[in-house]
Amino acid sequence: MPKKEIKKTENRIAEIEKILKQFPRVKAGDPMQAVKWSLSCEKRRLKLKLSKLKGFHITKKQELEFIRKSDGCVICGVKNRLSIDHIIPVDKGGLHCFDNIRVLCINCNSRKKNK
């Protein structure tokens, strides 16, 4: 059952990506902006579902344990006010899994933003 569900989800994501590539650039206030936005939201939701189906998604409890066991911020070494950072941002296709997260302090994480 999960393999069928995984394939179905991957196919739907591919369909959405094809549709989004065909969209022209839209400006604020354009009625097509809402359609493009809803497709992007569905794609994000499906990617999350896919990562859960494949067993990659980590829970909040696992995140907190990951932070607790860390040696501090990987950039500056601070050991307080730590947060999880996605190496490849989720909105740019990164998964919420152990291979794609690291521990940064809030200052370093906010400086990095979406890069």
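Student: What radius of gyration does the protein chain have, and how does that sit with a compact globule of 115 residues?

Tutor: The protein chain has 17 Å, whereas a compact globule of 115 residues would be near 13 Å. That radius is taken over C-alpha atoms, and the globule rule is 2.2 Å times the number of residues to the power 0.38. By the way, this is a predicted model: local features need pLDDT of at least 70, side-chain atom pairs count only at pLDDT 80 or more, and totals for chains, interfaces and linings use all residues. Residues are numbered from 1 along each chain as its sequence is written, and side-chain values use heavy atoms, with hydrogens and water left out.

Student: What box do the C-alpha atoms fill?

Tutor: Roughly 45 × 40 × 15 Å, along the principal axes.

Student: What makes a stretch count as a helix or a strand?

Tutor: DSSP runs: H or I over at least four residues for helices, E over at least two for strands, numbered from the N terminus. On that basis the protein chain has 4 helices and 2 strands, in the order α-α-α-β-β-α.

Student: Which residues of helix 2 are called buried?

Tutor: Buried means under 20% relative accessible area (1.4 Å probe, protein chains only). Leu 39, Leu 46, Leu 50 and Ser 51 are buried there. Helix 1 (2-22) is part of what covers the buried residues.

Technical notes
Buried < 20%, exposed > 50% of the residue type's maximum accessible area, 1.4 Å probe, protein only. Contact = heavy atoms within 4.5 Å.
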